[in-house]
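Subject: The structure for you to look at

Hello,

Here is the structure I wanted to pass on to you. Please open it alongside this note, and I will walk you through a few places in it.

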Amino acid sequence: MLSRVLMPLLRVQMLIVIALATFTLSISGQTTTGTIAGTVVDSSGSVITGAKVSVTDAATGDTRSTETTSRGDFTFPALLPATYTVQVEMAGFQVHRSTGNVLTP
């Protein structure tokens, strides 16, 4: 008799767990992002440390900025798909601007 009462309760609990797992998967499936990364070097191939690097979404004007690491690297994670302009600035160097960088899902 007790098992007849517990079985429906177990089924309800399992349905809730499955529903939560499905909901979580559908939310994570709706977010698509990408990364723009690179290394800044001068004309001789030496890495440039501390350069300001910016990415700007051409459609919205949203901008993110960072500085290059001791190895000249930069990373912009979690960017939405869009067309970006990447700009690099450093005292003593000309500003470098790369337009039309398309980040696709």
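A strand here is a DSSP run of E with at least two residues, numbered from the N terminus. Thr39 lies in one of these, strand β1 (residues 34-39). This is a predicted model, in which local features need pLDDT of at least 70 and side-chain atom pairs count only at pLDDT 80 or more, while totals for chains, interfaces and linings use all residues. Residues are numbered from 1 along each chain as its sequence is written, and side-chain values use heavy atoms, with hydrogens and water left out.

Let me stay with Thr39 for a moment. Thr39 counts as partly exposed because its relative accessible area is 44% (buried is under 20%, exposed over 50%, partly exposed in between, with a 1.4 Å probe and protein chains only). The Thr39 side chain makes a polar contact of 2.6 Å with the side chain of Asp73. By a polar contact I mean a pair of N or O atoms within 3.5 Å; within protein, one must be able to donate a hydrogen and the other to accept it, and residues adjacent in sequence count only if both atoms are side-chain atoms.

Now to Thr68, which sits in the loop between β3 (63-67) and β4 (73-79). Is Thr68 buried or exposed? Thr68 counts as buried, because its relative accessibility is 6%. A polar atom of the Thr68 side chain lies 2.7 Å from the backbone oxygen of Ile48, and a polar atom of that side chain is 2.8 Å from the backbone nitrogen of Gly50. Beyond its neighbours within four places in sequence, Thr68 has contacts (heavy atoms within 4.5 Å) with residues including Val40, Val53 and Phe74.

Next, have a look at β5 and β6. Strand β5 (residues 82-89) and strand β6 (residues 96-103) pair in the antiparallel sense over 6 bridges; pairing requires that DSSP finds at least two bridges between the strands. Thr83 stands opposite Val102 in β6. The two strands, β5 and β6, form a hairpin with 6 residues between them, and Gly92 in the turn has a positive phi of about 90 degrees.

Enjoy exploring, and write back with any questions.

Best wishes

Methods. Helix = DSSP H or I, 4+ residues; strand = E, 2+ residues; numbered from the N terminus.
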